[in-house]
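Thanks for coming, everyone. Please bring up the model on your screens, and I will walk you through it.

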Amino acid sequence: MKITFPHMGNIYLAIKALCDGLGIEYVIPPINNKLSLEIGSLHSPEEICLPFKLMIGNYIQAIEQGADTIIITGSCGPCRLGEYCEMQMKLLKKLGYDLDFIVLDSPTDIGIKELYKRIIKLTSNSRDNIFNKYKALFNAVKVMNLIDEIEASAHKFAGYEKIKGSCKNILNQCKTDALKFDKPDEMIKMLKNYKEKINHVSIDINKNPINVGIMGEIYTVIEPFSNLYLEDKLMDYGVSSYRKLTPSWWVKNTALIPLKINSLDIKRASKNYLPLNIGGHARECIGEAVLSYEEGYDGAIQIFPMGCMPEIVSKSILPTISKDLNMPIMSLVVDEMTGEAGFITRVEAFIDLLERRRDNVLLRS
Amino acid sequence: MYYLGVDVGSVSTDLVLVDEKTNVIEKIYLRTKGKPINAIQEGFKILKNKYDSNEIKAVGTTGSGRQISSTLIGADSVKNEITAHSIAALEISNDVRTIIEIGGQDSKIITIKDGIVTDFAMNTVCAAGTGSFLDRQAERLDIPIEDFGDYALKAKTSVRIAGRCAVFAESDMIHKQQLGYNDSEIIRGLCDALVRNYLNNICKGKEIVPKVFFQGGVAANKGMKKAFENALGFEVFIPENFNMMGAIGAALIAKSTVKKRGKTNFKGFNISDSKFTSNSFDCEGCSNKCEVVKISENNNPIGYFGDRCGKWNNKVFDGLENLA
């Protein structure tokens, strides 16, 4: 059994740590690039959203490197991503690949027994005892949390950094270095070092950068290739960006759903505009937009793939929030046809708008 | 003393010279034809004969080709066209509230309140209803694009054309022609369809408050102005230099940048004689495989574009170009 998985931001580091810890063979598909998008678009239905296409690209590139088992998370949710595993199984079978799928659904949907069975299947090739298996899982979660923290700090401090580009450099270096370690303990040690490094990057506390909240469909906000490296661009512009949706947020949120104490702040903030869960992360998007205002950010950017139903709903609510709270919000739609020039123009113009707006408000007060 | 604004768009490359009081002294409108470097050099050749490089106090670029043109001419400011257009419009009239801008391949709406941009939108997934489409239809009907608007005004009724998709609009137009409608009715129908598409698509959720400015190349089309006025129910203003607004804005932004910094980076008009070459390659540094474009002036690399990590981008500034 050789495991592979679709990319989503830095999640590959956590899965690497998990598989290394368990001693299972795995293949990390090449980081999303033009080729994976091309392969994915070729085999996917035209109208399906960008995440589906990129995932198919990842699978096929990994299969070429010898992978035979795919693990993904499902959600049985009202968003179609919850059904992707089924569609992708059929699609890959039609293409003639003989594969095993291990879908990790939440226990509320498939029952705890079924989930346990699937996890056993995943770990059956590992000869470790149960204690070590738990340790591997624990370490993987630790890696995921660490890299998410490092990334969040880099995005935040980019607005304050004294030497331009230092945050981006540390983040990029961290990601490259992390791949070099085959022992989870060592990887964690290295990530902790980088966490120290990024938290002590030389910053100018007197700077007052533009702060932007980033929200929207979970895959496209987390996977940088799909949003044309929006966060990297904001770092280049010296803008501090904040994103709530991360893999660690998702895990924590999913774990707390049965107890109904997940994302209480988001639920409260979205109450006036979208009190119900309509699928995907629409309610989260609305809640985060309101929270962005409460945190005092200058503006918010929503990103979603073309055809994403839940986000289309939130997109039509956002102008009302923008008007009520007097905070600019921009929506960006991405798909494989997205031209980079128009995308950059919009981001630049939005940052310009926020800057000029702030100057103007300051002048008048 | 003049300020130079360069707007390299998809269809046209505009150059303007404005003086201290923002009077437009010189305007040059050239077709980009997919070769922005040639277009800029051509424009500079014209300017070189009339003005001295020392007379230029600041240079700004905008438009989709703003990065490449900035490297080429040594611009003081590089700004996106949305900011440039709004700054130019506000310079002319400070009570403008909405800007409708339709260019070669994109259309935008910019809303302004108290002299600052509060919101904007740009066409995302479709370019139906922009200048290129009108250009093509004019060509197909064998009517000079300059006269397109007059035809639309001649029509007494409007034929309903499906305007969501440029290709389907074209088939619908052909169908209507074959049914026997005359050209002017069809052209008016086309203008109405484009306006309808613009209002339903780009302006969704945006408020259009007068005073409205209509700028960009398509504003030359009187039929479009009329169609907008019919749909909105109030007058739409077309500024005198409607097709140069981006370049004027770029010049104004450069002016304020240089005021802050003190000196210009302008390389002079002589670059019109330089030989620029561009070649692209796939960077093999990582699995991102960025397409990198290298621009050289007389075989000296002056700029790299397209890489994500900055490995190439920063080369020129670090003085490492010889290692490339």
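Let me start with a definition: Lys and Arg count as positive and Asp and Glu as negative, while His and the chain ends are not counted. The place of a charge is NZ of Lys, CZ of Arg, CG of Asp or CD of Glu. On that basis chain B has 41 positive and 39 negative charges, and their mean positions are 3 Å apart.

Now the ground rules. This is a predicted model, where local features need pLDDT of at least 70, side-chain atom pairs count only at pLDDT 80 or more, and totals for chains, interfaces and linings use all residues. Residues are numbered from 1 along each chain as its sequence is written, chains are lettered from A and ligands numbered from 1 in the order in which they are written, and side-chain values use heavy atoms, with hydrogens and water left out.

Chain B overall. It has 10 helices and 13 strands; these are DSSP runs, H or I of at least four residues for helices and E of at least two for strands, numbered from the N terminus. Of its 324 residues, 53% are buried. Buried means under 20% relative accessible area, exposed over 50%, and partly exposed in between, using a 1.4 Å probe and protein chains only.

Next, the partner. Chain B gives 26 residues to the contact and chain A gives 27; contact means heavy atoms within 4.5 Å. Together the two chains bury about 2300 Å², 52% of it on carbon and sulfur atoms. Buried area is the accessible area, with a 1.4 Å probe, that two parts lose on being put together, summed over both. On the chain B side, B:Ile116, B:Phe120 and B:Arg308 lose the most area to chain A, together 27% of what that side buries.

Now zoom in on strand β12, residues 291–297 of chain B, and find B:Ser296 there. Buried or exposed? B:Ser296 is buried, at 5% relative accessible area. Beyond its neighbours within four places in sequence, B:Ser296 touches B:Lys275, B:Phe276, B:Thr277, B:Pro301 and B:Ile302.

Move on to the loop between β12 and β13 (300–305), where B:Asn298 sits. Its relative accessible area is 46%, so B:Asn298 is partly exposed.

Last, some backbone geometry. Most residues other than glycine have a negative phi, and most peptide bonds are trans. B:Asn298 has a positive phi, near 45 degrees. A:Ser263 has a positive phi too, about 40 degrees. B:Pro210 and B:Lys211 are joined by a cis peptide bond, with omega about 10 degrees.
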